[in-house]
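Good morning, everyone, and thank you for making the time. Let me put the structure up on the screen, and then I will walk you through a few parts of it.

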Amino acid sequence: MANVRVAVRVRPLSKREIKEGGRIIVEVDGNVAKIRNLKVDSRPDGFGDFREKIVAFGFDYCYWSVNPEDPQYASQDVVFQDLGTEVLSGAAKGYNICLFAYGQTGSGKTYTMLGTPGLFIREEDYAPLPSSCRIKVSFLEIYNERVRDLLKQSDKKKSYSLRVREHPELGPYVQGLSQHVVTNYKQVIQLLEEGIANRITAATHIHEASSRSHAIFTIYYTQAVLENNLPSEIASKINLVDLAGSERADPSYCKDRITEGANINKSLVTLGIVISTLAQNSQAFSSCQSLNSAASDGDSGIPSSPSGTSSGAGPSRRQSYIPYRDSVLTWLLKDSLGGNSKTIMVATVSPAHTSYSETMSTLRYASNAKHIINKPRVNEDANV
Ligand code: ADP
């Protein structure tokens, strides 16, 4: 059993934030991320509350990527050394791996996950693959609960029509999704770039694609091995998931922006419910584990689980139903959340005071995800 590993990454101030006089309110101290609430006096009589409040959250990793001159600055390389190595070595051993990027639009999800030079698929790794390995990739987008193949051209009407089905042993999959055999890493990059270009073409402005839709880049990795002198195969799957902007799960954000066509994102909301329910179940399971105060303050920043299913406390508490099938994203990623996968969540945040609420809510969400327990196992098929 393994807990979901959670990393937080703080990006540099954007040009816009600098122009608006953005002040840095996030800091990183070892594996602790701290956020300050700059209190400004909003009362006309000048008797408002000026006190600053600092909230601290502990994670598995915290990355300060704000200023390359800072001693604790974490470049793509530093992040890769931790997370990328964990992903690749896990896949090589035959585990399914899932990496999510969660955060507000513009906080660095795509940059961390899929951007080129990307973190998990590195341009310098152009070496041909050993002949004992086979790699295939696929790339899909979920928009408005519909699935599109980012690596297959089709006319617009048909493009979002792929169906999700469930195989009795292999679990959920997208029927008809194209899989592309690659023989070197350069081809992986080319397919990734092709898919990203397809994703952006459909959007009306640069951030729209990453704000509204989820993209899942999957690498299927099969190795031929000898097990007790018999040929066998180890098959693993790496899912890199660039989620829609976290503000899409916030009804008040979406209500304010009806004219922009913003709509609440069902997959993102369901992901929040699945995460919080799994976290509650894990806490119930691990009897006397003391809870992180930030995650148990009743205001986790994510929707609560369906009520009435998890009353009581302690190890005997009944496990709640996990509504994986309520959204396309959670159904497809069922194994990555509480199942047969090693899962890492990277929560990306802006350091600016203007993003206080979003950053706070991302940190709470990420803090909750730490409690999920998965059951990864090596996917080995003897006597292939
Ligand atoms: P998102 O996918 O969350 O909407 P992006 O990944 O597109 O956000 O990032 C928004 C902008 O911030 C981009 O211009 C990106 O290059 C920049 N950026 C994000 N993270 C970093 C980082 N760690 N270092 C430098 N620039 C970054």
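Strands here are DSSP runs of E that are at least two residues long, numbered from the N terminus. On that basis Glu-166 is found in strand β10, which covers residues 163-167. Please keep in mind throughout that this is a predicted model.

Let me stay with Glu-166 for a moment. A residue is called exposed if 12 or fewer other C-beta atoms lie within 10 Å of its own, and Glu-166, with 12 such atoms, is therefore exposed. Leaving aside residues up to four places away in sequence, Glu-166 touches Gly-171 and Pro-172.

Now to strand β15, residues 342-349, where 8 of the 8 residues are buried, so the strand is largely enclosed by the rest of the structure. In a regular strand the side chains alternate between the two faces of the sheet. In β15, Lys-342, Ile-344, Val-346 and Thr-348 point one way, while Thr-343, Met-345, Ala-347 and Val-349 point the other way, and all of them are buried.

Which strands pair with β15? Strand β2, residues 5-10, pairs with β15 in the parallel sense over 6 bridges, and within that pairing Ala-7 has Val-346 as its bridge partner. Strand β7, residues 97-103, also runs parallel to β15 and is joined to it by 7 bridges, with Phe-100 standing opposite Met-345.

Most residues other than glycine have a negative phi. Asn-144, however, has a positive phi of about 55°, and Glu-145 has a positive phi of about 65°, although neither is a glycine. Asn-144 counts as exposed because it has 12 C-beta neighbours inside 10 Å, whereas Glu-145, with 14, counts as partly exposed.

Finally, the ligand, which is surrounded by 16 residues, the closest being Arg-11, Gly-108, Lys-109, Thr-110 and Tyr-111. Which helix gives the most to this shell? That is helix α3, residues 109-113, which contributes 3 residues. Sorted by class, the shell holds 12 polar residues, 2 nonpolar ones and 2 charged ones.

How values were computed:
Residues numbered from 1 in each chain as written. Predicted model: local features only at pLDDT ≥ 70, side-chain atom pairs only at ≥ 80, totals over all residues. Near = placed C-beta within 6 Å. Helix = DSSP H or I, 4+ residues; strand = E, 2+ residues; numbered from the N terminus. Nonpolar A, V, L, I, M, F, W, Y, C, P; charged D, E, K, R; others polar. Buried ≥ 20, exposed ≤ 12 C-beta atoms within 10 Å, placed from the backbone. Pairing = 2+ DSSP bridges. Contact = placed C-beta atoms within 7 Å.
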